[in-house]
Every structure is written in structure tokens, then in C-alpha cells.
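Here is a short tour of one region of a predicted model. Have the structure open as you read, and follow the strands and helices along with the text.

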Amino acid sequence: MNARMTKYRFLLVVALLAVPSIVFGWLFVSQSQKAISFAMSERAGVEYLRAAIPLLENLGNESAPADLLRLARFDAVRVELDPLFGTGPLSNAVKFALRDQRVDPEAIRYALLALISTISDRSGLTVDPEIDSYYLIQTMVFATPQVIASVDALAQLMSSTQAVPPALSQNASSLFLETMRLEDALAGMRRTYTRALAANKDNSLERSLSTKVELAMRSIHLMSISGHKVRANLLEGQFRKSENFVPSDGKDEKKLAVQAWEAMSTSLERLIEQRLESLRGHRNLALLLSSIAAVVVFFIGLSVFRSLIVELDQKIVFLAHHDAMTRLKNRAAFSEEMSELIEKVQENGGGFAIHAVDLDGFKTVNDALGHHVGDQVLQDVAVRLLRLVSNGDIVGRRGGDEFVILQNGYAAGTVDSLANRILTTLRDPFIISGKPVGLTASVGTAIFGYHGDTETKLTQSADFALDEAKRLGKDRACVFDAKMEAEQRRKVALEERVREAAARLQFSLAYQPQYSADGLAITGFEALLRMDDGDGNPVSPVAFIPVLESLDLIGDVGRWVLQQACKTATLLPPDVLIAVNVSPLQLSKGKLVDDVSIALSHSGISPARLQLEITESAVLADTTVVLDELNELKAIGVSIAMDDFGTGYSGLSSLWKFPFDKVKIDKSFLSDRTIRGRHALDTVGAIIDFAHTLSMAVTVEGIETQVQARKMQELRCDQLQGFYLSKPVPEADLTAFLSQSFTQRTPVSATQGSGRRVSVNA
């Protein structure tokens, strides 16, 4: 587990380092690509300007028409770059104007300036202050073309012999000021290029550029000096020739300015290209690092994925053969292990035993303490069982609270020894959340060769032995015996018969009379459920009623009994009650009140004629629920009797807690033909007195002799019931029985005869 955690921590650290590397790497690549695209746009702009700005040199000079080579270069560049900058209309206008001698040079000049300005804006040359040549670009793009135009206009003004209009004088002043500004710009440009070109190893570019810039500086400086002498006149709007000023046509100045521009543009192009190479290098490095990180993450992910797949596969394989909660072998895996062991034993000899283990009262733990406690108990049971077994033994869980142990190889006495050690170790309380939880277990054992030689037969034999251990009182171990199988088959056959009878309502009722204490009057009949085995042989209610309850079929059958008994009550005298036994499960379902109401409604009898007999175990199940249900029944008008009083654990306290009308003392207080000792007699008398104190009637069951009847009469019992007085009467014989019972009456105190008052085949 620690090695696995260390591995996952390492993978997590690597992933946490690699993933941000990929993210930030791709972000840097993206930004670098944008910068590259911007620089390429700059380079294209410089290329376009290098073809456009030199065209200004020959404007206004009729003796020197536009250079055809320059025109051809301009035409080639504009065809290539107009789609990039969207300057097609402007460049077309410039192209046709330059080729037509009739077009005013001033118009061509302004068209060129408009094209240059548009190229500058759209190429981004004026909006990137981060590059070293920003100030230089400002000078090149705006100042140089304007200076060339200013020099041209200045030459025209100075060669004029007429006075300059005020507006033109103001324009001339502006041109002089622009010239002075360009002088400052070129000075700054020279300083900038000195620094920018320091990386040039042979300095050839710097020397060439310096020469051309110096020439431009000198020319413009001369212009500015001359301009100082006439500045006052210009500002006054009066322009006159000065005797110290030498007129100039501006050709040399324009040529020098263009040469300086070409030198600067060449250097700028190289700077942009160097920047492109640097950006591409950074981008490629970031791309490489990101790719490496991505590959690392990919292989890490692949490794983790493969580890997870392997781990998941191992987990799936494990869960396919083990119980998820206890991690013991599951039913299928245990069966495979036992089948393989059988083959080995059959080939090589030896033997083994199988122990089926079932926890006693585990359902109570789940219901009372919660399933989380039950789960912890099951896990602790698994741990204890694993500690008991030896190497080669196998412990499995078949489901629920059922476990199984395969004892591989054994010597005399070791089988019983292991079974007893299982009982002993599971008797010790389980400590769950600091609280003890007590449980016991039952064990059923089968031995290979003695109790079966197949996996199915051995498992079945162990289950038979387990059922026998449960039947004998639990917390014990039993080894399989053939009688157990017969008993189990009888039980299975009984369950099948009960299911069939419940589905088809193949039951009947017998009615046992209840007499007054003197034996002269029938006060009521108790409806008793009867069932046969399908061949006409009766099955004891003690056998099949618990099966009905265990199969959860008692509700439907009990509903049928209520309806049938109430229907039969219509045949009885109006002062005779009909008593019906109610199962605890009928009370717990919460539908008994509805069932009683429907039965009374369909039969039409008075509720006072129906008496429900409820056992002590029913009232102990859930005091609040049972009390509410009994109170509702009492509200309907039905009377309630506590049946089999004295067999449970509630004692006399149950009589005053619940609204009972009658107490039926169980026959266990009476022996076969005599009162079972003086203590039993005193107990019965005490119960009768206590019940009378609570205004409850008392019926004693199991009266089989005249002596018993007379004793109960002496104790002031209210009613008697038993074979001495009458056996249960089948429903078909009930009418005949009633007619005879009212013609033959013998008091309980009579001493002659058997004491029977009627002769009925019951």
C-alpha cells in the first residue's frame, strides 16, 4: 500500500509540473506567433515603403521624369502587398498618376503621402513601442516624406520673384519649422542607430549609414541656418530674398533625404529580420519544451492508465472470487475450490470436512443497532474464522450471515475440535464503537466420504446438520446424520404443501366449544385452522402455522379465517361468541382492523360476538403499535382475549397494560390427568383472582379430566375448554353438535361416566 501511494504521489508531482509547463508553453508559443505575425507585417510595410518613398525624389522635376526602375519595383511590390494592407485603390491612383505627365505633381505628392501613411498604419510600424527602432520608425515614416515635400515646396517659394501671400507665408513658416524638427529627429536617429547597430560586427552598415545621415544633416542644417535669417519676415507674412541666402531648387536635399531613408530602411529591415529570427527561436524552443512536457504527460498518463487498468482488472478478478465486504471466498469460488479438492482427494487419497456456520440472532443486531454495525460484525467474524484455520483450509461467505469453512485434511477428533472452537470464538462479544455486541453461532458439519462425495451433496449435508443445530436451540454444533436429511425433506415437503394450500385456500375450520365453569352452557366456539397433506391426512397446526408465518402467508390465510368464522357465527345462537386466533404478524402489518371490519360487514354479525385471541408474543413485539391497534379494535366493539397466558415473559403486567376482556390460561399449567403440583394450582388461582380484579373473564385450556374441571371450578374459573368437555367439531358437523349439546347436559360435579355430554365424531 505504501509503495502504491509513493508511486501515485510521484506521478502526481510530475503531472503537476508537466501540465503547467504545457499550458504556459503553449501560451508563450501563441504570444510568440502573434509577435512573429506582427513583425512580418512590419517587414512587409518597410518593403512597401522602400518602394514608395523614393518616388518622391523626382516629383516636380520635368527634366528628370520618374525612374522607370523605381516605377517597376513599386508596381511589383504593390501587386504583392496591396492584398495584405488593402491599399489597392491608393496604389492604383499613384501608379496611373506617375505614368501620366498631365497630372499635377502636387496631387501625386499627396496621393503618395496618403499611401505611405496608410501603409504605416496597417503594417503596425507606428504602434509597437517595444522594439528598439521605435523612435527611428517615427522619423522615417512621418518626418522623411514630409521633409522631402517641404524641401520641394521651399525651393519653389524661394525661386519666386513675387510677394508670398499671407497664407502661403504661414505654410512656408510651418515648413521651416518641420525642417528644424527633422534636424532634431535625425540627431536622435543617429544616436539611436549608433546603439541599434552595435551588434554589426564589420561596422560596414554603420559607416555607410553614418555617411548618408551626415550628408542629410548638413543639407538640412544649411537650410535651417538660412531659414533663421528670414524667419522674422516669414512670421510677418512678408517673404523677401535675403542677400545672404543662396536659392536652391531642393534637388540635392531631396536626394540626400531619400538616400538617408533608404539607408535607414535597410537597417530597419535587418533589425526586423533579427527580431523575427529571435521570436522564431523562442517560439520553437517553447514549442519543443511544451512538446516534451506533453510527451511526458502522455507517457505518465499512459502509465497511470495502464496501472489503473491492471489494478481494476485485479480488483475485478478478486471481486469475482471474493466477497466484497469480508474479502473471503464467495460462494462460486468456494464451490470451485471444493470441487478441485474433491478431485485431488479422489486421485491421491485423504479427506476433508465442510463446516457451515450461521450466526444466531444476527437479524436482531441489524434491526436494533443498524446495518453498519451488522457489517462490522460480519467483518470481525471473518477475521476470527481466518485465525482459527490452518494452512490449506479455506474460509468463505455464502451470503448474509452464513459462512463456510473447508477443513482440508483431518485427524481423529479434529473435525469436532474445529467446530467447537468456532462456537467458542464467536461467543466472545464483538466490540463495535466501544460497545460489546453479543452473538452466538450454529455449526453444521459434513465429512467427505461419509456424508457425500460430491460438492452438492456435501454442502447439502452440512446445511441439514446446521438446520438441526438451529432446531435444537442454536449455539451448538451438529454432524450430519441421515435422519436430518429425512427431517429436512419433510420440512421442504411441508413448505411446498403450505404454499399450495395458501394459494388455493385449501384449509378448513374446526370449532372447539368453550363452556361455562359448571359445564352446562356453551358460551362460545374457538375457530381452529386445519390442513391436510394433500392425501387427506391431517397436518398438525403446530407444524404448519409456523410455516405460514415464516413464508409470510399468514396474512391472507388469517383474513380468510376471519371471514369464514364470522360467516359460521351466523349459524350459532345469538348469545354464543366466535373466537379467532390472530398471529403476531397480522398485528404488525397494521391491516387487522380493516380485515375485521370487512369480515363483520360481510357476515352481518354484531362486533360483540367476535373475540380475537392474541398471544403474549404479539403484545411484546411492539407495545405502542399493538396497543393502538387493540384500542381501535375495542372501539369497533370486538372483545380481545390473551391466549396461552403464562407461556411468555410478560407476566401479570401485560394484563393491565392492554385492553383485554379475557385471559386464557395455557394448558401447560395442567398435567395429563391431575393438577401439576400445588404450586401450579396456586399460580392458576392467583391469575384468576388478578384477572377478576381487572374485570376480566378467565378461560382455562386443556381440561382433559373431571378432576381438572372440578378444580378449576373451585378456583372460580369462568370458562372451561378441553377434550374432556369436547373435541374440536368440524364445520360440517357443527349443526348436529349444537342440537345434541342442548339435549344432553351433565354438570362438572357429576361423578358417573366419562363426563362427556355429547357424542360427536370430532
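## Strand 6 and its partners

Gly444 has Cys478 in strand 7 as its bridge partner. Strand 6 and strand 7 (residues 477–479) run parallel, pairing over three bridges; two strands count as paired if DSSP finds at least two bridges between them. Helices (H or I, at least four residues) and strands (E, at least two) are DSSP runs, numbered from the N terminus.

Strand 1 also pairs with strand 6, here in the antiparallel sense over eight bridges. In that pairing, Ile354 sits opposite Ala446 of strand 6. Seven of the eight residues of strand 6 (residues 440–447) are buried, so the strand is largely enclosed by the rest of the structure. Buried means under 20% relative accessible area, exposed over 50%, and partly exposed in between (1.4 Å probe, protein chains only).

Which residues of helix 11 are buried? In this helix (residues 362–369) they are Phe362, Val365 and Asn366. They lie on the same side of helix 11 because they cover an arc of only 95° around the axis, taken from the directions from the helix axis to the C-beta atoms. Lys363, Thr364, Asp367 and Ala368, on the other side of helix 11, are exposed.

After helix 11 comes Gly370, with a positive phi near 105°.

## About the model

Residues are numbered from 1 along each chain as its sequence is written, and side-chain values use heavy atoms, leaving out hydrogens and water. The model is predicted, so local features need pLDDT of at least 70 and side-chain atom pairs count only at pLDDT 80 or more, while totals for chains, interfaces and linings use all residues.
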